[in-house]
Protein chains: 2
Amino acid sequence: MKQKLRIVKVGGNVINHPEALESFLTDFSALKGLNILVHGGGKRASQMVSDLGLVPKMVNGRRITDAATLEVVTMVYAGLLNKNITASLQQKGCNALGLSGADANCIQAHKRAVTDIDYGFVGDVAAVNVQSISVFLQAGMVPVFCALTHDQKGQLLNTNADTIAASLATGLSATYDVELLYAFEKNGVLRDVNDDHSVIASINSASYQILKDTGVISEGMLPKMENCFEALQKGVAKVLLGNPTLLRNKEQPFTTLTL
Amino acid sequence: MKQKLRIVKVGGNVINHPEALESFLTDFSALKGLNILVHGGGKRASQMVSDLGLVPKMVNGRRITDAATLEVVTMVYAGLLNKNITASLQQKGCNALGLSGADANCIQAHKRAVTDIDYGFVGDVAAVNVQSISVFLQAGMVPVFCALTHDQKGQLLNTNADTIAASLATGLSATYDVELLYAFEKNGVLRDVNDDHSVIASINSASYQILKDTGVISEGMLPKMENCFEALQKGVAKVLLGNPTLLRNKEQPFTTLTL
């Protein structure tokens, strides 16, 4: 019988608002059992790029992580955000351990290959170190991952936090019974993006295909959904999407994804 | 029989020079047995304060850690430096785990009391979490500490890296046979600060008192020496001071401190 493990990804929009973050961390710290937190970066990295007088590099509307941007991302994600979240969880009695993918070699990645776009120092996850992460979990610690990985050749890499959460869920699902939760600014997957009450309660592979084909799910939600269904296909037991209060109140609407 | 544990503090002057840092990390990664690294901040934090257009707060010639400075220190120490050092050690086959004192509640501190000077968000170490650190060491990980602690009330605190190294050595000496090494820009404690060949090979409590009274040891070296002798008095087996190559070559001059 596998132990239950909950992996919670909290989005940048929660990170951006001190009160929302505080409320979320209070709820997260009250969770029993084995838990992992993955946090996005929010606006602080872009703000810092601008404060330092750097010009964000964009190619075809996609942000490029050049060397200067990677430094800022490393400072903001792994330093400012990760350590303040960790200290706040410690205050709330949660034995948080802030991590990047380089720490204890937890998340290895490949620098994204250059095709028509060179994304720069961006990593695609190659492997998750179940052994290291299990050491932490079994010691009663709560790993808190920021969105940075490494290539085992000394290079840190900027990596999408949604992907990190899905990769951790996938990698750990052989050993644990994993539930993956995406806590973000919406109440779940919405039938109408402008109507917060239009939450689709459950989506499976077949209905997902229809929702995609009919354009109900599009744009920003697509990469997140692809991550989720890939995780389910690779053994993750359950994926939930909803607003951060989902952690304490499962009476409210949210979206459950299944195969 | 206690296990041997080596705690190495590497100073800011090594951190400041990429080649010196690379060489040091290569030597450190080759060490066998149980090891902990503590690193200082170097010039990057001051540089970042200036890049962000902040004005360093000084009172009576002492640097004050105000809220803005703490943010920069958290970004540079726990983010930029700690994660790049960790990634570099991982590349060299050393299973580094980058930590602040908040992570897994490793190092608890009190905000320094305001007397004639309010140092701001500066922490004096209160306790070291032997249990958490032992989990890492016994799993074959190499903790890499930056110079940040927390107060368990959600507040990160800027803490002198020499003090962190001495506090870790002291706290862990009940469980481990601890050797504390300070790797810095000099060849050891010098009889004449301008003569790198004037290394004093060994100093004990009695000779330290004489060296202090006669002014041979003064100014910048005093707090480091006080930390070292306090650590020895509290059970640390041995303290060595020397340049970073001391890690691989004990034929060269260096200073050994004993009670």
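# A guided tour of a two-chain model

Start by selecting A:Ile64: with 17 C-beta neighbours inside 10 Å, this residue counts as partly exposed. (A residue is buried if 20 or more other C-beta atoms lie within 10 Å of its own, exposed if 12 or fewer, and partly exposed in between; C-beta atoms are placed from the backbone.)

Before you go on, a word about what you are looking at. This is a predicted model, in which local features need pLDDT of at least 70 and side-chain atom pairs count only at pLDDT 80 or more, while totals for chains, interfaces and linings use all residues. Residues are numbered from 1 along each chain as its sequence is written, and chains are lettered from A and ligands numbered from 1 in the order in which they are written. Chain A has an average pLDDT (the predictor's confidence in each residue, from 0 to 100) of 94, and 100% of its residues score at least 70. For the complex, the predictor gives an ipTM of 0.96 and a pTM of 0.97.

## Stop 1: around A:Ile64

A:Ile64 belongs to strand S4 (residues 62–64) of chain A. Helices (H or I, at least four residues) and strands (E, at least two) are DSSP runs, numbered from the N terminus. Which residues does A:Ile64 contact, leaving aside its neighbours within four places in sequence? They are A:Lys57, A:Met58, A:Val59, A:Tyr119 and A:Gly120. Here, two residues are in contact if their C-beta atoms, placed from the backbone, lie within 7 Å.

## Stop 2: the sheet of chain A

Next, show the strands of chain A. Eight of them form an open sheet with mixed pairing, in the order S5-S8-S2-S1-S11-S13-S14-S12. (Two strands pair if DSSP finds at least two bridges between them.) At the edges stand S5 and strand S12 (202–203) of chain A; each has a single partner strand, so one side of each is left without a neighbour in the sheet.

Select strand S5 (residues 96–99) of chain A. Are its faces covered or uncovered? Both are covered: A:Ala96 and A:Gly98 on one side are buried, and so are A:Leu97 and A:Leu99 on the other. Four bridges pair S5(A) with strand S8 (residues 142–145) of chain A in the parallel sense, and A:Leu99 has A:Phe145 as its bridge partner in S8(A).

Elsewhere in the sheet, strand S1 (residues 3–10) and strand S11 (residues 176–183) of chain A run parallel, joined by eight bridges. To see an example, click on A:Gln3 and look for A:Tyr176 opposite it in S11(A).

## Stop 3: helix H4 and the other chain

Turn to helix H4 (residues 67–91) of chain A, which lies across strand S2 (34–39), S5 and S8 of chain A and runs at about 175 degrees to S5(A). Axes are lines fitted to C-alpha atoms, for helices over the stretch in contact, and angles run from 0 to 180 degrees between N-to-C directions.

Within this helix, find A:Met75. With 28 C-beta neighbours inside 10 Å, A:Met75 counts as buried. Not counting residues up to four places away in sequence, A:Met75 touches A:Met48 and A:Leu80, along with B:Met75, B:Val76, B:Gly79 and B:Leu80.

Those chain B residues lead us across. In total, 34 residues of chain B are in contact with 34 residues of chain A. On the chain B side, H4, S5 and strand S9 (148–150) each give two or more residues, with the largest share, 14 residues, coming from H4(B).

## Stop 4: a pair of helices

Back in chain A, select helix H6 (residues 161–172) and helix H8 (residues 221–233), whose axes come within 9 Å and cross at roughly 5 degrees. That makes H6(A) roughly parallel to H8(A). (Angles under 35 degrees count as roughly parallel, over 145 as roughly antiparallel, 65 to 115 as roughly perpendicular and the rest as oblique.) Among the residues making this contact are A:Ala166 of H6(A) and A:Asn227 of H8(A).

## Last stop: A:Ile217

Finish in the loop between helix H7 (205–213) and H8 of chain A, where you will find A:Ile217. With 22 C-beta neighbours inside 10 Å, A:Ile217 counts as buried. Its contacts, not counting residues up to four places away in sequence, are A:Val189, A:Leu211, A:Lys212, A:Leu222 and A:Met225.
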